[in-house]
Amino acid sequence: MLEEVERWLTRRSWSAADRPLERLPLAPGPGRPGVSVVLPALNEAATVGDIVATVRRELMEKVRLVDELVVIDSGSTDATAEVARRAGARVVHRDAILPRLPAVPGKGEVLWRSLLVTGGDIVCFIDADLKDFSADFVSGIVGPLLTDPDVQFVKAMYDRPLGEAAGQGGRVTELVARPLLNLHWPLLAGFVQPLGGEYAVRRSLLERLPFPVGYGVELGLLVDALHTVGLDALAQVDVGVRKHRHQDGQALGRMAAAIYRTAQLRLSRGHLVRPSLTQFERGEDGFVPHTYPVDTEERPPMREIEEYVARRAA
């Protein structure tokens with residue numbers, strides 16, 4: 001590991017306990033940035049309600065850390081929107097945001113569009129499939145942005161169990177993202193969970209970054225933030241243990257392909273000759289190939305969207 005990264009780890013890696021709620025500026029006012037929490041959700045009725053209820057109870061009613069709580073529904077076919085609304089979130093459907101630009105499937109698409117329907121100076125993204133959710137996931141990563149003006153981007157770090165096996169989650173991180181970062185962006189080698197979906201960022205930075213529309217969004221934002229504001233503006237906070245719904249191996253393969261594509265584009269700004277991935281499933285007569293497109297679109301920095309500029313100026 002580079003000496004610069006070792007120094008960064010001592011300066012920019014914290015625990016949520018380092019900034020308890022009583023040490024944070026809770027009341028909105030002059031000098032206190034507004035905080036928006038955004039949950040991208042696709043068929044997460046089983047978990048989204050508990051997350052919303054916890055954020056609302058612990059961080060909006062008991063204390064005023066969070067000013068806005070929004071669930072962006074990415075086209076759910078279950079009761080995700082109803083559950084989230086009943087728990088206390090404002091729910092916005094992905095297709096209702098920037099309707100002149102047809103939405104494409106993908107997590108990054110939803111995160112990008114969320115900037116148009118939120119107002120906080122700090123935007124905190126939280127995945128909607130978390131189990132045993134703790135408010136520390138929000139307060140832990142928002143805390144450094146409220147107390148240190150030099151910090152602009154904070155990732156959560158945590159243990160990721162796979163079933164009963166501790167530390168065995170995050171398979172795409174270990175097999176794809178971590179090798180890519182260590183080899184090509186060694187300044188980012190200190191991030192424990194570079195692909196984690198829980199992170200808080202100053203809006204002034206987010207609106208300057210392009211958003212890969214799919215699963216490559218976390219790696220893309222992290223790499224582009226490094227090049228935009230430098231390593232010392234990035235940080236991470238230990239929030240404990242992250243439990244969530246695990247995807248099967250084939251879904252992880254598609255995720256890995258999207259992440260590799262995101263890295264490849266940033267390395268060369270070139271064109272993928274064949275942006276697709278073929279996987280195999282056993283059928284009655286042997287293995288059957290299934291080919292899936294790899295996300296090849298990115299949305300431009302939000303400050304280039306005229307509706308966003310007009311909304312911010314209003």
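Trainee: Is Trp 8 buried or exposed?

Mentor: This is a predicted model. Buried means under 20% relative accessible area. Trp 8 has a relative accessibility of 3%, so Trp 8 counts as buried.

Trainee: How many aromatic pairs are there in the whole structure?

Mentor: A search finds 5 aromatic pairs. Among them is the pair of Trp 8 and Phe 191, with 4.8 Å centre to centre and 45 degrees between the planes, which is tilted. Trp 8 belongs to helix 1, while Phe 191 sits in the loop between helix 6 (171-184) and strand 8, and the two are 183 residues apart. Phe 191 is buried too, at a relative accessible area of 1%.

Trainee: Why is the pair of Phe 153 and Tyr 199 called stacked?

Mentor: Planes under 30 degrees apart count as stacked. The planes of Phe 153 and Tyr 199 are at 0 degrees, with the ring centres 5.7 Å apart, so this pair is stacked. Because Phe 153 lies in strand 7 and Tyr 199 in strand 8, the pair ties together parts 46 residues apart in sequence. Phe 153 is buried at 0%, and Tyr 199 is buried at 1%. Ring pairs also link Phe 125 with Phe 153 and Tyr 199 into a cluster.

Trainee: In which sense do strand 7 and strand 8 pair?

Mentor: Strands of a sheet pair through backbone hydrogen bonds, either parallel or antiparallel. Here strand 7 (residues 153-159) and strand 8 (residues 199-202) are antiparallel, over 3 bridges. Lys 155 stands opposite Tyr 199. Helix 8 (residues 217-229) packs on the sheet and touches strand 7, strand 8 and strand 10, its direction making about 135 degrees with that of strand 7.

Trainee: What is the strand order of the open sheet?

Mentor: The order of its 8 strands is 1-10-7-8-5-2-3-4, with mixed pairing. Strand 1 and strand 4 (90-93) stand at the edges with a single partner each, so one side of each has no neighbour in the sheet. The twist averages 25 degrees from one strand to the next.

Trainee: Where is Arg 32 found, and what does its side chain contact?

Mentor: Arg 32 is in the loop between strand 1 (13-15) and strand 2 (35-41). Arg 32 is buried, with a relative accessible area of 8%. The side chain of Arg 32 makes a polar contact with the side chain of Asp 67 at 2.6 Å. A polar atom of the Arg 32 side chain also lies 2.9 Å from the backbone oxygen of Leu 26.

Conventions:
Residues are numbered from 1 along each chain as its sequence is written. This is a predicted model: local features need pLDDT of at least 70, side-chain atom pairs count only at pLDDT 80 or more; totals for chains, interfaces and linings use all residues. Side-chain values use heavy atoms; hydrogens and water are left out. Helices (H or I, at least four residues) and strands (E, at least two) are DSSP runs, numbered from the N terminus. Buried means under 20% relative accessible area, exposed over 50%, partly exposed in between (1.4 Å probe, protein chains only). A polar contact is a pair of N or O atoms within 3.5 Å; within protein, one must be able to donate a hydrogen and the other to accept it, and residues adjacent in sequence count only if both atoms are side-chain atoms. Two strands pair if DSSP finds at least two bridges between them. Axes are lines fitted to C-alpha atoms, for helices over the stretch in contact, and angles run from 0 to 180 degrees between N-to-C directions. Contact means heavy atoms within 4.5 Å. Rings of Phe, Tyr and Trp (its six-membered ring) pair if their centres lie within 6.5 Å; planes under 30 degrees apart count as stacked, over 60 as edge-to-face and the rest as tilted.
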